[in-house]
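Welcome! Take a moment to look over the sequence and the 3D view, and then we can walk through a few spots together.

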Amino acid sequence: MNAKEIGRKAGRIFEYHLPDHWIFRSQEDQEDYGIDGEIELANESDNVTGFIFKAQIKGQESVSLIENGRTVSFSLKLERLRYYMQEVEIPIILIVVDVTQKRIFWKSLQDDTQLRESMSSALKGNQKTVSVHIPVTDSLPDKYDELLAAVDANMNWLRASALSRMTSPIDAIVRKSPSDLLAEMLEKSKQMNFHLFSETFERLYVSGDFDALFDSAKDVLNSATEKLEARFCAGLYIERVYLQKIDPRSDEYQSLCFNLYVLLLNIVREKRAIEHIRLYSILLLRSIKLKISVDADYHYYLSAKMAENDDLTKGVIDFSRSQVVLKAARDVEKVIHLTNRIIFPEINTYC
């Protein structure tokens, strides 16, 4: 077969294996440089959903396999790849079809960091082509769900990349925007900050960089301009740092957590937080108070054991301990009632 025959056969094989609710629109006759078509998903009522991605279909009489048959290696023209990676702002999926064995392999392009690095090296070295590697497990019709997940991840990457490239044009947009739109943009910016902070905190925590996590979270917690949810989230990550770096049985840990929970509760009340955040902040404070009461009871118990031969001292200790036990019992009751209210909000219990 010649190249055109292979290309036509690859297209037919690919379209034949598409699910019924995947709408394929050919773009070969629209001068869409290097893109064969687009795919849009339809819902159960056969209405289009707006979930769209581009497909570049490449046929091979027999694909080249490397790494003991675990990877497909495909050579793509550098200029074509540069166009995909730098010019197109909609997800592109490279489809490589082995027309002899009728096997279909796919790869999401723009969000592939390793491929982007290979492209940069090729541009510096004046290469003509770049090798694209595809795991043989990324195949169709076996991995439809994984393909859609990759498209969704690519969409998110493109959105984030577009935001990171916004520089001077945003100034002109802001100057020409009405005040109500500016307020809306500020609110959306704070909401985006919340997600950015949350992801940053989690990555620092997973990597074990607790000092950097503490410093970052502390800045957000103390920032009066950030959303309440972002500040509350920062406080919870500070709590996780305490748990990693300080013995949770120590007085220092209890003191730090107590002060942190008081601060969170004050912020929550000041900002009039929604109920579940308010209730949770109260529960945090009450739980640490309960722990302090239980520890105090234990210390009084040890003191009473040491003063068994001194009736006067033991009597004083027992009286003091009874007050602590009574307080702990009240704290237990409050924690139980509050926990029930959080889990079962329809139950009307006091806080």
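Which side chain does Gln27 join through a polar contact of 3.5 Å? The partner is Glu38: the side chains of Gln27 and Glu38 are joined by that contact. Please keep in mind that this is a predicted model.

To find Gln27, look in the loop between strand S1 (22-26) and strand S2 (37-42). Gln27 counts as buried because its relative accessibility is 7%, and buried means under 20%.

Next comes the sheet. Six strands make up an open sheet in the order S1-S2-S3-S6-S7-S9, and their pairing is mixed. S1 and strand S9 (139-140) are the edge strands, each pairing on one side only. Strands of a sheet pair through backbone hydrogen bonds, in either a parallel or an antiparallel way. Here, strand S7 (residues 103-108) and S9 run antiparallel and are joined by two bridges. Ile104 has Leu140 in S9 as its bridge partner.

Now for the surface. Tyr280, Ile342, Ile343 and Phe344 form a nonpolar patch there, and together they have about 350 Å² of accessible area. Ile342, one of these residues, lies in helix H11 (residues 311-343). Ile342 counts as partly exposed because its relative accessibility is 33%, which falls between the cut-offs of 20% for buried and 50% for exposed.

Here are two of the residues from our walk, side by side:

| Residue | Relative accessibility | Class |
|---|---|---|
| Gln27 | 7% | buried |
| Ile342 | 33% | partly exposed |

Methods: Residues numbered from 1 in each chain as written. Predicted model: local features only at pLDDT ≥ 70, side-chain atom pairs only at ≥ 80, totals over all residues. Heavy atoms only, no water. Patch = residues over 30% accessible without salt bridge, like charges linked within 9 Å, V, L, I, M, F, W, Y side chains within 5 Å. Areas by Shrake-Rupley, 256 points an atom, 1.4 Å probe, with all protein chains shown as cover. Salt bridge = Lys/Arg side-chain N within 4 Å of Asp/Glu carboxyl O. Helix = DSSP H or I, 4+ residues; strand = E, 2+ residues; numbered from the N terminus. Buried < 20%, exposed > 50% of the residue type's maximum accessible area, 1.4 Å probe, protein only. Polar contact = N/O pair within 3.5 Å; in protein donor to acceptor, adjacent residues only side chain to side chain. Pairing = 2+ DSSP bridges.
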